[in-house]
Amino acid sequence: MVKCPYCGFEGGFNVLKRWRFRFYDVEMSICPKCGGKFNHYSGMSPRGRRSEYVVRIKPRPVGGGE
């Protein structure tokens, strides 16, 4: 089960987008509790090892930055 890397929520996430990266299936998700965005990578390596991890997506700054 996937946990939100921001608040630790486990449950149904809103999937924004899905794609394939090398041997990983990637899902960009958003947490319904805190609104944090993250990518969930899962897949089987060519050597037969199961790999799964979560990467936070940093919020982008809005405006000119002055």
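User: Where is R22 placed?
Analyst: R22 is in the loop between β1 (14-21) and β2 (24-30), strands being DSSP runs of E with at least two residues, numbered from the N terminus. This is a predicted model, in which local features need pLDDT of at least 70 and side-chain atom pairs count only at pLDDT 80 or more, while totals for chains, interfaces and linings use all residues. Residues are numbered from 1 along each chain as its sequence is written, and side-chain values use heavy atoms, with hydrogens and water left out.

User: What is the phi of R22, roughly?
Analyst: R22 has a positive phi of about 50 degrees, although R22 is not a glycine.

User: And is R22 buried or exposed?
Analyst: R22 counts as exposed, at 71% relative accessibility, where exposed means over 50% relative accessible area, buried under 20% and partly exposed in between, with a 1.4 Å probe and protein chains only.

User: Switching to charges, how many salt bridges are there?
Analyst: The structure holds 2 salt bridges, a term that requires a side-chain nitrogen of Lys or Arg within 4 Å of a carboxyl oxygen of Asp or Glu. In one of them the side chains of R20 and D25 meet at 2.7 Å, N to O, and E27 meets R18 at 3.2 Å, also N to O.

User: Which ring does the charged end of K17 sit over?
Analyst: The charged end of K17 sits over the ring of W19, 5.4 Å from the ring centre; the criterion is that NZ of Lys or CZ of Arg is within 6 Å of the centre and within 35 degrees of the ring normal.

User: OK, aromatics: how many pairs?
Analyst: There are 7 aromatic pairs, counted when rings of Phe, Tyr and Trp (its six-membered ring) have centres within 6.5 Å, with planes under 30 degrees apart called stacked, over 60 edge-to-face and the rest tilted. Among them is Y41 with Y53, whose centres are 4.9 Å apart and whose planes lie at 5 degrees, so this pair is stacked.

User: Where do Y41 and Y53 lie?
Analyst: Y41 lies in strand β3 (residues 37-44) and Y53 in strand β4 (residues 50-56), so the pair ties together parts that are 12 residues apart in sequence. Y41 is buried at 13% relative accessible area, while Y53 is partly exposed at 35%.

User: Which residues form the aromatic cluster?
Analyst: F21, F23, Y24, Y41 and Y53 form one aromatic cluster.

Terms used
Helix = DSSP H or I, 4+ residues; strand = E, 2+ residues; numbered from the N terminus.
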